[in-house]
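Biologist: I would like to go through this structure term by term. Please set each value against its definition.

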Amino acid sequence: MREVLAQAAFQLFLERGFERTTVDDIVARAGVGRRSFFRYFPSKEDVVFPDHERCLAEMTEFLAAVGDEDPVGAVCDAARIVLRMYAADPEFSVQRYRLTREVPGLRTYELSVVRRYEQTLAGHLRGCFGSDRDGELRAEVIAASVVAAHNNGLRLWLRSGGAGDPEAAVDHALDLVRGVWERPAGPSPARQGPVPPAVAASGATAGFGESDVIVMVAARGTPMWRVVQQIEAATGES
């Protein structure tokens, strides 16, 4: 019934436009009553996105089943579930994309749908990162990166009218995300500003031998080349 209502709605949207189509028009075309429509869709906007609730449930189930060994890879794979949903019916997906570009209210609704996907990905990442330093921040930023990468590749395919393989562009974009975020979290970068010069002292005897010990004091974030330069200056080496 959901599919019948969605097909009837899109036929009318293409014929009359979204704004000029009412729920009564949709149920008349589908041959059902208003009660049947609202059993499946809370509003006319929802009928434009009839498959997202199922897709979101599938994504949630997938993330609940995977381990936490590769959290970034897992959320990238979860994003591909959405891609497969679009790719399963290219004609409908392209029509929906064009419709949402024409109707401002649908673009706003679509943003709320995208946000739900992003929150689902971020929730999984927060569970993986636990109490890690900046764990919650990393979860939010990585989830946003995955959604942005997925949507970039998906929209390239939709703008082409559904021509070609949609997975190629999405995989390329998600590979960029993995290349950045699969690196272990390092120390926070030093604050920007003038770097105090490194301080070198020579001539201090260590007590375990006769060799001089060079003691270096440098601000966190000082480039390694500068540290080496100061050591060479203190020892008279070049």
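**Cores and helices**

Modeller: In the largest nonpolar core, which has 38 residues, those touching the most other members are Met59, Leu63, Val82, Tyr117, Leu121, Leu125 and Val146. The model is predicted: local features need pLDDT of at least 70 and side-chain atom pairs count only at pLDDT 80 or more, while totals for chains, interfaces and linings use all residues. Residues are numbered from 1 along each chain as its sequence is written, and side-chain values use heavy atoms, leaving out hydrogens and water.

Biologist: What makes a set of residues a nonpolar core?

Modeller: The members are buried Ala, Val, Leu, Ile, Met, Phe, Trp, Tyr and Cys residues, joined through side-chain atoms within 4.5 Å. Buried means under 20% relative accessible area, exposed over 50%, and partly exposed in between, with a 1.4 Å probe and protein chains only. In soluble globular proteins, nonpolar side chains tend to be buried together.

Biologist: What is leucine 121 in contact with, beyond its neighbours within four places in sequence?

Modeller: Met59, Leu63, Val75, Ala78, Ala143, Val146 and Val147. Contact means heavy atoms within 4.5 Å.

Biologist: Why are H6 and H7 called roughly perpendicular?

Modeller: Helix H6 (residues 90-102) and helix H7 (residues 104-129) pack at about 115°, with axes 5 Å apart. Axes are lines fitted to C-alpha atoms, for helices over the stretch in contact, and angles run from 0 to 180 degrees between N-to-C directions. Under 35 degrees is roughly parallel, over 145 roughly antiparallel, 65 to 115 roughly perpendicular, and the rest oblique. H6 and H7 are therefore roughly perpendicular.

Biologist: How do you know that the span of H6 agrees with what it should be?

Modeller: The expected span of a helix is 1.5 Å times one less than its number of residues. The 13 residues of H6 should therefore span 18 Å, and the end C-alpha atoms are 19 Å apart, which agrees. H8 (residues 135-159), with 25 residues, reaches 36 Å, close to the 36 Å expected.

Biologist: Which residues of H6 are buried?

Modeller: Phe92, Ser93, Val94, Arg96, Tyr97, Leu99 and Thr100. They pack against helix H1 (2-16), H4, H5, H7 and H8.

Methods. Helix = DSSP H or I, 4+ residues; strand = E, 2+ residues; numbered from the N terminus.
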